[in-house]
Amino acid sequence: MVDAGPQALCARAPRVPAERLVAEMVPPPRFDSVRFDTYDPDPAQPSQSEAVTVLAGFAAGLGGAHATGAGKRRWFSRAPKATAAAGPRGVYLDGGYGVGKTHLLASLWHATPAEPALKAFGTFVELTNLVGALGFQQTVQTLGGHRLLCIDEFELDDPGDTVLVSSLLSRLVEQGVALAATSNTLPGKLGEGRFASADFLREIQGLSAHFRPLRIDGQDYRHRGLPEAPAPFSDEQVAKAAYATPGASLDDFPGLLEHLARVHPSRYGALTDGIAAVCLTDVGPVPDQSTALRLVVLADRLYDREIPVLASGVPFDKLFSEEMLNGGYRKKYFRAISRLTALARDAKPLVSQ
C-alpha cells in the first residue's frame, strides 16, 4: 500500500451535529483523570485545602433528581420551568494562574453524582460558540436539563459576550442548573496580589447572588511573562517530519488562517479529529484581530487534545503584534502563545524521526 502522506487541515470542512457539540462539553483529555484527591494543596496556602472541602460538599449536594423534576434531558425539548433553589447555586474559583483552578473545576465535574449527559464542562469561548451554532433559545433548551455547568476561563474582556453568557446563565439558573466558573486576571495585572472576583461579580450583575466566591491563594508560576518559544525549524524539516509521522497534518500557515475563516469556531475541535501532529510551514505574524481570535480558539482545541505543533517561520511568541498584546484581548493572546509554545516543545522529537 502506498503511503498517502500527511493530511491537510485546509482540506477539511467538518459538519458537526448539535448533539456532538454538547456531548463534547466534558473536561479535556489532559484532565480526564484528575480528582479532588489528586490535587496537591500547598500546606502554606490553607485556602487550597479549604477549596477542596467546599467543592466536594458542593458536588455531593448536587445528587438526586434535577431541580426541574425532569429525567434524562431530551434533545431540544423545552424543559419545565423550575423555581431556583434558595441560596448560592454556584461557585466561583477566584485566583491567579497556576493555582490549579481548572484541576479543581474538572474534579467538581467528575465528583458530581450525575451521568455525563447531565453535566457540561467548557471554556467561556466554547460556550459562546455553542450559542452561535445553536442559537440562544436552543442552547437554553439543550442545557436546561443539566445538573451542572462548569465554565473555565470566564472572559471579562468582551462586554457583548459577557452580557450574552450572563443572560444565558440567568435562564439556566431559573431551570435549576448549578454553575461553577473560573477566570484569570489579565497578564498586565499578574503578580499584583489582586484577584478577579470583584470584576467577575460585577460583570455578571444579577447573577452575583448565585455565586459563592472561593479564593484560592498560591504561587503564580506564570507571572514572569511570556515563555520563550522554541526556535522554528526549516520548511524542509517540517515537511519531512509530517511525512514520517503517521496521522500528521501539513499546511501552509497563511492558507490555514484563511481556511479558519470559513469554518465555524465550534467545529475547530472536529477539524483536528484523528490528527496526531500539526505541521505548519511559513508561520508569520497574524494580520488582524479577527484572524488572531480564530487562531486563539484553534490553539485552545489543540492544547485540549495535546496535539504537538511543529512549525517553520517565526517563533510563536512573535505571532501577535505589540498592539494586540497591549489591547483588550491580550489575555487570550498570552494564553495562545503559552499553549502553542508548550505544543511546539512537545513536537521537537518529531524532527529526529
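Which residue forms a salt bridge with Glu-153, and how far apart are the closest N and O atoms?

Author: The partner is Arg-339, and the closest N and O atoms are 2.9 Å apart. A salt bridge here is a side-chain nitrogen of Lys or Arg within 4 Å of a carboxyl oxygen of Asp or Glu. The model is predicted: local features need pLDDT of at least 70, side-chain atom pairs need 80 or more, and totals for chains, interfaces and linings use all residues. Residues are numbered from 1 along each chain as its sequence is written, and side-chain values use heavy atoms, without hydrogens or water.

The pair spans the chain. Glu-153 sits in the loop between β3 and α6 (159-174). Arg-339 belongs to helix α13 (residues 330-347), 186 residues apart from Glu-153. Helices (H or I, at least four residues) and strands (E, at least two) are DSSP runs, numbered from the N terminus. Both Glu-153 and Arg-339 are buried. Buried means under 20% relative accessible area, exposed means over 50%, and partly exposed lies in between (1.4 Å probe, protein chains only). Glu-153, Asp-300, Arg-335 and Arg-339 form one network, joined by salt bridges that share partners.

Now step back into β3. Five of its five residues are buried, so the rest of the structure largely encloses this strand. Both faces are covered. Leu-148, Cys-150 and Asp-152 lie on one side, Leu-149 and Ile-151 on the other. In general, side chains of a regular strand alternate between the two faces of the sheet.

The neighbours of β3 come next. Strands pair if DSSP finds at least two bridges between them. β2 and β3 pair in the parallel sense, over five bridges. Within β3, Leu-149 is the bridge partner of Ala-120. β3 and β4 are also parallel, with four bridges. Here Ala-178 in β4 is the bridge partner of Leu-148. Leu-179 in β4 stands opposite Leu-149.

In α3 (residues 101-111), nine of the 11 residues are buried. Among them are Leu-104, Leu-105, Leu-108 and Trp-109. The buried residues of α3 pack against α2 (46-60), β1 (90-94), β2 (119-123), β3 (148-152) and β4 (178-183). Contact means heavy atoms within 4.5 Å.

For contrast, take helix α8 (residues 235-244). Its buried residues are Val-238, Ala-241 and Ala-242. They share one side of α8, because they cover an arc of only 105° around the axis. That arc is taken from the directions from the helix axis to the C-beta atoms. Glu-236, Lys-240 and Tyr-243 are exposed, on the face turned away from the buried side. The cover over the buried residues includes β6 (248-252), β7 (277-283) and β8 (309-313).

Back to charges. The structure holds 10 salt bridges. One of them joins the side chains of Asp-273 and Arg-20, at 2.8 Å from N to O. Asp-273 is in the loop between α10 (268-271) and β7, and Arg-20 is in helix α1 (residues 18-23), 253 residues apart. Asp-273 is partly exposed, at 33% relative accessibility. Arg-20 is partly exposed too, at 23%.

Arg-30 and Glu-306 form another salt bridge, with the closest N and O atoms 4.0 Å apart. Arg-30 lies in the loop between α1 and α2, and Glu-306 in the loop between α11 (289-304) and β8, so the pair ties together parts 276 residues apart in sequence. Arg-30 has a relative accessible area of 26%, which means partly exposed. Glu-306 is partly exposed as well, at 42%. The Glu-153 and Arg-339 pair, by comparison, is buried at both ends.
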